[in-house]
Amino acid sequence: MQKKAIKNIAAIVLLLVVAYNSVYFKKLDEVKAAAVSKEFDAVTYASNYLTVKLTPQLSNAIELQELIQKVHAEPESTFQKYSHALGIGNIKYFLVKGEGVITAIGDDAVSLLLKNDSAQKEIKIATEFVFGNAVRDASGLININEFNNTMDFNNVSAEINKIIRSEVLPPFKSRVKKGDLVQFAGAIELNQAHVSLEEIEVVPVGLKIVKQ
Amino acid sequence: MIKEKKYFLLLIFSFGLLWGCKNKTTSEQPKKIAVIVSTLNNPWFVFLAEKASAQAKKLGYESKIFDSQNNTSLETDHFENAIASGFNAILFNPTDAEGSVANVMRAKAASVPVFCMDREVNTTDGATSQILSDSYSGCVALGKYFVEKMNKQGKYVELLGLVSDNNTWNRSKGFHSLVDHYPNLKMVAQQSADFDRNKAMEVLESILQANPDIDAVFCGNDAMAMGAYQALVAAGKADHVKVFGFDGAEDAVNAIKDGKIEATAMQFPQVMAETAARYADEYFKGKKDFPKKMPVAVELVTEKNVDDYIAYGKKEPDQQKK
């Protein structure tokens, strides 16, 4: 009889332990806050990428004039060494910098002659269509494995471009004139399978009017 | 003592036998890769499936194509058969982003890796990797070209694909992420035509009744773009209404050459198929860390560069115009 009572008590204790460890009580606002913190914050990510990761790297970017010469001379090795892309395919991006004189101011871009360019070839700096993945991908500093969802890395591009359109372009567009000497840093896109250097357009990250 | 020794020898013999069987399986029989594709009733998906299967064979594996006929139940049967028949990996083109999740999870439970091609499933846990066209970015590029060609103003119609397909919304969102910055570009109608040529023609004919003064039509795929073009021809408006598509289908590439449609975005099914097969090969060789979603770049095709392209991809160097 006593044995049976001990058995029952042990079973009840065991049941209580299992039940206690199976149920957890948490405050609803804490659970909601934890769920929100797991959502990807593209705005913060983009801002952090531009200021902390990308800006310090701009001084290490290849001179655009030098890149053009290298792509002409050794396209394969130049793409391998200097280009980046988050995905796979022919579209590749380069981080570039340079200096030149403004030759024309258009609705969508300014034209510029690179300094000391013997070929006297004009390139463009986008001032209207700052969209796409050029700035996100060109540095090679972002790893695709950081993202679980396609829309997360699409949103990173959208937020980076938004910052450029709202913070980099307005002060430049309001002051720049034909004949100004301008320093720029940014990203360009080239198609590796069909390289065309005729219409190079830089998506700017940094723009500075050196001399007016 | 002798009896114990006998048992010990029998045990060693059994282990040896098992080891031999295991070695025979791994060294003599090639692994098997199933290619399960949403439909073989569309040449684009036939091309995708055949390229995936061919690449799997090239890498030394047995391969078989299963046609789901756009039916998730049939797709489920294919998954069950593939798992039961001992396929070691599945290269998968899903029928439905939501409805195919259970099949992917079934394969995962059976430790069979799944590599999605072109279409995604709405889970990041199931598939080992999903190799997908970067539809969003492709439509950002299309959107930019659209704004330039429209000179930042005019009325337009958007024809959407299947509303249950993620690609439909990725394309639409990419396009609008740029075009919506221009308030003088007004979308007067947005309707689904299910990626279907005939339906697109009917839908646009109906829209034109209420909006005869449109300037452009943006379509979520090339089949709809061709259908829209037919409707515009019938209405006598083909000369001044601009049509934009997406896919890189043969008739769209030819229509760009003929000046009938303005642009398309070229997808690369061969790249997706071969990447999926290569990932399966790397998985068998021990790699386990794959990107959950791998975007494949999509390229803008216009009258300027159309000679560089053929259906489903880029011309080889010897095919290019001198």
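Predicted model: local features only at pLDDT ≥ 70, side-chain atom pairs only at ≥ 80, totals over all residues.
The tour can start with the overall make-up of each chain. Chain A is built from seven helices and seven strands. Followed along the sequence, these elements come in the order α-α-α-β-α-α-β-β-β-β-α-α-β-β. Chain B has ten helices and 14 strands. The overall dimensions of chain A are worth a look on the screen. Its C-alpha atoms fill a box of roughly 105 × 40 × 25 Å along the principal axes. The radius of gyration of chain A is 27 Å, whereas a compact globule of 212 residues would have one near 17 Å.

In chain A, 33% of the 212 residues are buried, and in chain B, 48% of the 322 residues are buried. Of the contacts in chain A between residues at least 6 apart, 70% join residues at least 24 apart. For chain B, 74% of the contacts with a separation of 6 or more link residues 24 or more positions apart.

The two chains also touch each other. Chain A gives 22 residues to this contact, and chain B gives 24 residues. On the side of chain A, the largest share comes from helix α7 (residues 150–175) of chain A, with three residues. Sorted by class, that side of chain A holds ten nonpolar and twelve polar residues, and no charged residues.

Two packed helices are described by the angle between their axes and the distance between the axes. Helix α2 (residues 43–58) of chain B and helix α10 (residues 269–284) of chain B meet at an angle of about 35°, and their axes are 8 Å apart. The crossing of α2(B) and α10(B) is right-handed. From α2(B), the residues in this contact include Trp44(B), Phe47(B) and Leu48(B), while those from α10(B) include Met272(B), Ala273(B) and Ala276(B). By class, the contact of α2(B) with α10(B) has eleven nonpolar, two polar and two charged residues.

Another helix of chain B shows what a mostly covered element looks like. Helix α8 (residues 222–234) of chain B has 13 residues and spans 18 Å from its first C-alpha to its last, close to the 18 Å expected at 1.5 Å a residue. Ten of the 13 residues of α8(B) are buried, among them Asp222(B), Met224(B), Tyr229(B) and Leu232(B). The buried residues of α8(B) pack against several elements of chain B, including β6 (154–160), α7 (197–210) and α9 (250–257). Just after α8(B) comes Gly236(B), with a positive phi of about 70°.

Tyr145(B) lies in helix α5 (residues 135–149) of chain B. Is Tyr145(B) buried or partly exposed? A residue counts as buried if 20 or more other C-beta atoms lie within 10 Å of its own. Tyr145(B) has 19 C-beta neighbours inside 10 Å, and therefore counts as partly exposed. Leaving aside residues up to four places away in sequence, Tyr145(B) touches Ala263(B), Leu300(B) and Thr302(B). The C-alpha atoms of Tyr145(B) and Phe244(B) are 9.6 Å apart in space, although 99 residues separate Tyr145(B) and Phe244(B) in sequence.

Technical notes: Residues numbered from 1 in each chain as written. Chains lettered and ligands numbered in written order. Contact = placed C-beta atoms within 7 Å. Helix = DSSP H or I, 4+ residues; strand = E, 2+ residues; numbered from the N terminus. Nonpolar A, V, L, I, M, F, W, Y, C, P; charged D, E, K, R; others polar. Axes fitted to C-alpha atoms, helices over the stretch in contact; angles between N-to-C directions. Left-handed = near helix turned anticlockwise from the far one by under 90°. Rg over C-alpha atoms; globule rule 2.2 N^0.38 Å. Buried ≥ 20, exposed ≤ 12 C-beta atoms within 10 Å, placed from the backbone. Expected span 1.5 Å × (residues − 1).
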